[in-house]
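User: I would like to go through the terms used for this structure and see what each one rests on. Could we begin with the strands?

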Amino acid sequence: MYARIQTIASRPDNADKLARELVEIISGHPGYAGLVLLESALLTLWTTRQDAEFASQRSQAGRGPRPVTLLTDDSYEVEEDQPGPAAHRPATDGWIGFFDGPLRPDRLAAIRRAGAEQIGPALRAVPGLVRTLTMWDPGTAKFAVAHLTDSPGSLREVGETITSTRPLTGDAPAAVSGPDRIATDRVVAYEPV
């Protein structure tokens, strides 16, 4: 599975109407596999990289020019799609952490190790965690992680759980530093397909 994450400069005035239209348009594209629309970011899931990369062209052909200004537009391979304890509930809040590339091999290894051995197991104890997506782009050596929760309080608990983990033995603290950028917002639309 592949993911595309687009971040926007500012939320438009008619955001709720646009959100409904956006979901309708995107969900009709070939290879569509799900969507998370935050107030400041759109994460879409696709069966192939080509489907992810051509989604905007297909949307513009059906609708016209984009109604928002994009800050970033990145494609990733989904390495892991992990349901949380609240997977049966709708996502209401989300956090996306971006680790901009190119990541040094030691930093990437430390991030992956911390995720697999510490953060992932600790997050499974957060009752309001709906889903975690771990995404990687080998071409640019960048990484992104999305956590979706069922409430703002659960999202705070996810953040506290992550920040309370310490570097594993042998990992330099700088190697496991947090993301370069984050998007933390209310979930406007969630289609887990």
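User: Which residue is the bridge partner of G34 in β3, and how do you know that β2 and β3 pair?

Analyst: In β3, G34 has L45 as its bridge partner. Two strands count as paired if DSSP finds at least two bridges between them; β2 (residues 32–38) and β3 (residues 41–46) are joined in the antiparallel sense over 5 bridges, and therefore they meet that condition. The model is predicted, with local features needing pLDDT of at least 70 and side-chain atom pairs counting only at pLDDT 80 or more, whereas totals for chains, interfaces and linings use all residues. Residues are numbered from 1 along each chain as its sequence is written, and side-chain values use heavy atoms, with hydrogens and water left out.

User: What makes the strands a barrel, and in which order do they close?

Analyst: The 8 strands close in the order β1-β3-β2-β8-β5-β7-β6-β4, with antiparallel pairing. Neighbouring strands of this sheet are turned by 30° against each other on average, direction ignored, where axes are lines fitted to C-alpha atoms (for helices over the stretch in contact) and angles run from 0 to 180 degrees between N-to-C directions. Within this order, β1 is joined to β3 by 6 bridges, with Y2 standing opposite W46 in β3, and to β4 by 7 bridges, where T7 has T72 as its partner in β4.

User: Why is β1 called largely enclosed?

Analyst: A residue is buried under 20% relative accessible area, exposed over 50% and partly exposed in between (1.4 Å probe, protein chains only). Of the 7 residues of β1 (residues 2–8), 6 are buried, so the strand is largely enclosed by the rest of the structure. Over the protein chain, buried residues make up 46% of the 193 residues.

User: Is A91 buried or exposed, and where does A91 lie?

Analyst: A91 has a relative accessible area of 8%, so it is called buried. A91 sits in the loop between β4 and β5 and touches V130, L148, T149, V187 and Y190, not counting residues up to four places away in sequence; here contact means heavy atoms within 4.5 Å.

User: How many helices and strands does the chain have, and what makes a stretch count as one or the other?

Analyst: Helices (H or I, at least four residues) and strands (E, at least two) are DSSP runs, numbered from the N terminus. The protein chain has 4 helices and 8 strands, in the pattern β-α-β-β-α-β-β-α-β-β-α-β along the sequence. One of the helices, α4 (residues 152–163), lies across β5, β6, β7 and β8 (181–191), and runs at about 140° to β7.

User: What is the volume of the largest pocket, and which element gives the most to its lining?

Analyst: The largest pocket holds about 920 Å³ of space. On a 1 Å grid over the protein atoms alone, a pocket is an open set of points with protein on both sides within 12 Å along at least five of seven lines, a cavity is a set where a 1.4 Å probe fits but cannot get out, and lining residues have an atom within 4 Å of a point. Of the 39 lining residues, G115, I119, V145, H147 and I162 are the closest to the pocket's centre. Helix α3 gives the most to the lining, with 9 residues.

Methods
Points joined across faces, edges and corners; volume = space filled by probe spheres on them.
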